[in-house]
Amino acid sequence: MSKKTQQLKLAGLATAVIAIAASCTPVKEYQKSRLNDGEMTLGNRKVEKTENSFQTYREGASGGNGGKTGGGCGCN
Amino acid sequence: MKKLCLTLVGLYIGYFAGFAQDKTDSSKYKNHTLSFEEANIVSSYYQQTGNNSAVTGGIGTEKLTDLSNSFDVKLYRYDNQFRKHTWGFELGIDHYTSASSDMIDLKANSSASHADTRVYPSITWTRENEKKGITIGGGASYSHEFDYQSFGLNLNFAKKTNDKSGEFTAKIQAYLDQVKLVYPIELRTGNSNSRHIDYASTPRNSFSATAGWSQIINQHLQVSAEADVIAQQGYLGLPFHRVIFNDNSTHVETLPSNRLKIPIGLRANYFLGDRIILRAYYRYYTDSWGIHANTASLEIPVKITAFVSISPFYRYYIQTAVKYFAGYQVHTAADEFYTSNYDLSSFNSNFFGAGIRLTPPKGVFGFEHLNMLELRYGHYAKNTGMQSNIISLNLKFK
């Protein structure tokens, strides 16, 4: 990847982060009914546990998802 | 006169004492005794096929089945300073059969690893100060299977913003593992014909640091980012993985004794309207062995009713190969490091399926304490020909 492409990607990411941060609106506790829904959890659900495990064994990448990062098993 | 004054003083004190009693806030009562919060059972059946087994040098069956079960329970109590202490106990038991591991000693149903059981208990503790939005915690874990043993420790910290819309998390973790050196039978020295030899062990250690941020954007959208830095050192391959050189000689997979991994994951969950949720995930991964990988997934839970939802999902994954990978009969004696493990090759994969989730208010199937049932199926396929199916069940009790 060329340096210019890398810089463009980083600039795009920074712009997205700033845009998201700028669009934040305060949410009161009584307005969090949708956010508190069990399927809105920011993270893997327990039913995905074994799926994440086999992906750690069968793929070279791991981590970045709150799950296994390496070690603890005879996996990659 | 004195009696009248005393009466008036008494009434005056009683009047304000009544107000003092009214100021007591009974809603601040917190349970100081250890109480049950929830328990989960997760069971999965995994079945895999393929023709690039690392045990036989990159060719041969990858047929494998795995029955995985885990049970976890959470208990909590509040201390005198109204901080919530939570203890988690988990026990996992996986039993797998593997046609490729069966070929470690080149005879069917004879290798010690053709079937194995992995047992992995763990314990966690957190202390949450809900007023200050600060959580600290730690945990320990253990894992044992025939040829692998692991001890793990972790510490974690979290801090919410004043308005509770954002949260910073940090975690450090260490695994101190031992790999039993079960070499392919033709490469063993000493009394290789004995099936009761004492295998030597060698260490594999993994250390990781994780930082994350989650943020509520508005009533419908929340996002998070998580980055890890993982350093591994020790025996990082597997001793029963064969590599067949171009001169047809057989060798044990040899990989560097150090590896640095950096994954960065991003999530965004959006509640669209009243019934549809969009759960998006992206991860970029790079490591010192040459792998660059991208992962993207989308899950769309659709609420059929308030208590029943169907969730189709799709995940795409693509990676480049490690610098040391080559297929069957490609490596030469000039290579310092070599592997024919197709999990470390260049490939892409698709994983798709669907799940159903039941959360009726009076309990699933009328069982009051069975709070939730989730059933999920997925099909996984690599462009190298490996395919697998997995079905998982989660029961939550409250």
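1. Conventions. Because the model is predicted, local features need pLDDT of at least 70 and side-chain atom pairs count only at pLDDT 80 or more, while totals for chains, interfaces and linings use all residues. Residues are numbered from 1 along each chain as its sequence is written, and chains are lettered from A and ligands numbered from 1 in the order in which they are written.

2. Chain B overall. The secondary structure of chain B amounts to one helix and 19 strands; helices (H or I, at least four residues) and strands (E, at least two) are DSSP runs, numbered from the N terminus. Of its 398 residues, 31% are buried. A residue is buried if 20 or more other C-beta atoms lie within 10 Å of its own, exposed if 12 or fewer, and partly exposed in between, with C-beta atoms placed from the backbone. Two residues are in contact if their C-beta atoms, placed from the backbone, lie within 7 Å. Among contacts in chain B between residues at least 6 apart in sequence, 57% link residues at least 24 apart.

3. Interface. On the chain B side, 64 residues are in contact with 36 residues of chain A. Strand 9 (residues 221-234) of chain B supplies the largest share of that side, eight residues. By class, the side of chain B that touches chain A holds 22 nonpolar, 30 polar and 12 charged residues. Ala, Val, Leu, Ile, Met, Phe, Trp, Tyr, Cys and Pro count as nonpolar, Asp, Glu, Lys and Arg as charged, and the others, Gly among them, as polar.

4. Cores. A nonpolar core is a set of buried Ala, Val, Leu, Ile, Met, Phe, Trp, Tyr and Cys residues joined through C-beta atoms within 7 Å. The largest has 16 residues, of which B:I291, B:A293, B:V322 and B:Y324 touch the most other members. Apart from it lies another core of eight residues, including B:A54, B:V182, B:F240 and B:Y342.

5. B:A293. This residue sits in strand 14 (residues 292-299) of chain B and counts as buried because it has 20 C-beta neighbours inside 10 Å. Leaving out residues up to four places away in sequence, B:A293 touches A:G60 and A:A61 as well as B:Y285, B:Y317, B:I318 and B:Q319.

6. B:E37. Strand 1 (residues 35-49) of chain B contains B:E37, which counts as partly exposed because it has 14 C-beta neighbours inside 10 Å. Beyond four places in sequence, B:E37 touches B:K74, B:L75, B:Y76 and B:T86.
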